[in-house]
Amino acid sequence: MTLSNSMRKRVAVLWLTVLAAGIAVIFWRYEWKYHLPTPIPAAYHAVQPGSPITLPRTATALFHAAGKPLFLHFFNPDCPCSRFNMPQFRELVKQYGDKATFAIVVMSPERFTAIDIQARFNLPYPIPVLGDSAVAAACGVYSTPQAVIIDKDRRLYYRGNYNRSRYCNDEKTGFARLALAGLLDHHYSQTFDPLALKAYGCELPTCTK
């Protein structure tokens with residue numbers, strides 16, 4: 001059976017439509033949706049800068065370093081944004097590890113050992129790894145990757161993005177780095193770019209939604 005010219009055109013248009021739709025879905029899943037703000041959960045409880053932070057018992061030992069701010073890195077191994085972010089976090093630990101206490105908070109339904117997470121980051125020395133989702137709730141975090149900086153008085157100083165780029169390669173908007181440097185220089189009244197404070201990336205606890 002030979003198809004007419006009009007039928008061939010219809011088949012070609014159909015295939016092109018299916019192909020375009022497939023490309024659009026792939027682009028949405030792996031690229032564009034991470035450029036949009038993370039949806040705020042319905043039951044989300046906001047924690048404002050300056051609020052006292054009470055961490056769960058699993059994390060209170062992180063406050064033992066007197067006079068040092070606490071930098072929490074919220075990380076999901078299954079989130080592309082978190083994976084792209086790893087080198088930037090590693091550089092922060094290398095640069096400020098003697099001036100701040102760093103810890104990784106793993107946000108995943110899977111169980112990971114501290115050794116496994118530390119090996120993934122290839123850090124210059126081991127840092128604490130937590131797997132308690134209550135830490136995120138205490139800090140008002142609902143996406144990954146996110147940085148939280150708590151000052152020496154245990155008050156929230158910064159909660160937000162590392163920068164505006166999913167690939168973490170925009171040094172001009174190194175929001176988390178600038179926030180930590182400002183706090184260490186006693187610039188307590190820093191004004192943060194709105195892009196720094198609007199959460200982007202993967203929803204908790206996974207990035208599959």
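1. His 64 is found in the loop between α1 (5–30) and β1; helices (H or I, at least four residues) and strands (E, at least two) are DSSP runs, numbered from the N terminus. With a relative accessible area of 64%, His 64 is exposed, where exposed means over 50% relative accessible area, buried under 20% and partly exposed in between (1.4 Å probe, protein chains only). His 64 and Thr 101 are 37 residues apart in sequence, and their C-alpha atoms are 9.3 Å apart in space.

2. On the basis of the values: this is a predicted model, in which local features need pLDDT of at least 70 and side-chain atom pairs count only at pLDDT 80 or more, while totals for chains, interfaces and linings use all residues. Residues are numbered from 1 along each chain as its sequence is written, and side-chain values use heavy atoms, with hydrogens and water left out.

3. The secondary structure of the protein comes to six helices and seven strands. From the N terminus on, the elements run α-β-α-β-α-β-α-β-β-β-α-α-β. Of the 209 residues, 43% count as buried. Among contacts (heavy atoms within 4.5 Å) between residues at least 6 apart in sequence, 74% join residues at least 24 apart.

4. Five strands form an open sheet in the order β3-β2-β1-β5-β6, with mixed pairing; two strands pair if DSSP finds at least two bridges between them. The edges are taken by β3 (129–130) and β6 (156–160), each with a single partner strand, so one side of each is left without a neighbour in the sheet. Strand β5 (residues 146–150) runs antiparallel to β6, and four bridges join the two. Within this pairing, Ile 150 has Leu 156 of β6 as its bridge partner. Helix α5 packs on the sheet, where it touches β1 (70–75), β2 (101–106), β5 and β6, and its direction makes about 170 degrees with that of β6. Axes here are lines fitted to C-alpha atoms, for helices over the stretch in contact, and angles run from 0 to 180 degrees between N-to-C directions.

5. The buried residues of α5 are Phe 175, Ala 176, Ala 179, Leu 180, Gly 182 and Leu 183. Seen down the axis, they fall within an arc of 160 degrees, so they line one face of the helix; the arc is that of the directions from the helix axis to the C-beta atoms. The cover over these buried residues includes β1, α2, β2, β5, β6 and α6. After α5 comes His 186, whose phi is positive, near 65 degrees.

6. Ala 179 lies in α5 (residues 175–184) and is buried, with a relative accessible area of 0%. Leaving aside neighbours within four places in sequence, Ala 179 is in contact with Ile 149, Tyr 157, Tyr 158, Gln 190 and Phe 192. Ala 179 and Gly 160 are 19 residues apart in sequence and 9.7 Å apart in space, C-alpha to C-alpha.

7. In helix α3 (residues 114–121), Ile 117, Gln 118 and Phe 121 are buried. These residues cover an arc of only 100 degrees around the axis, which puts them on the same side of α3. The face turned away from that buried side carries the exposed residues Ile 115 and Ala 119. Among the elements covering the buried residues of α3 are β1, α2 (80–96), β2 and β3. Asn 122, which follows α3, has a positive phi, near 50 degrees.

8. A search of the whole structure finds nine aromatic pairs. Rings of Phe, Tyr and Trp (its six-membered ring) pair if their centres lie within 6.5 Å; planes under 30 degrees apart count as stacked, over 60 as edge-to-face and the rest as tilted. Tyr 157 and Phe 192 form an edge-to-face pair, at 5.9 Å centre to centre with 85 degrees between the planes. Tyr 157 lies in strand β6 and Phe 192 in the loop between α5 and α6 (194–197), so the pair ties together parts that are 35 residues apart in sequence. One aromatic cluster is formed by Phe 71, Phe 75, Phe 89, Phe 102, Phe 121 and Tyr 162.

9. The largest nonpolar core has 27 residues; such a core is a set of buried Ala, Val, Leu, Ile, Met, Phe, Trp, Tyr and Cys residues joined through side-chain atoms within 4.5 Å. Those with the most contacts inside it are Phe 71, Phe 89, Phe 102, Ile 104, Phe 121, Ile 149 and Tyr 158. Two or more residues of this core come from each of β1, α2, β2, α3, β5, β6 and α5. Apart from this core lies another, of 20 residues, among them Val 47, Leu 62, Leu 72 and Leu 156.
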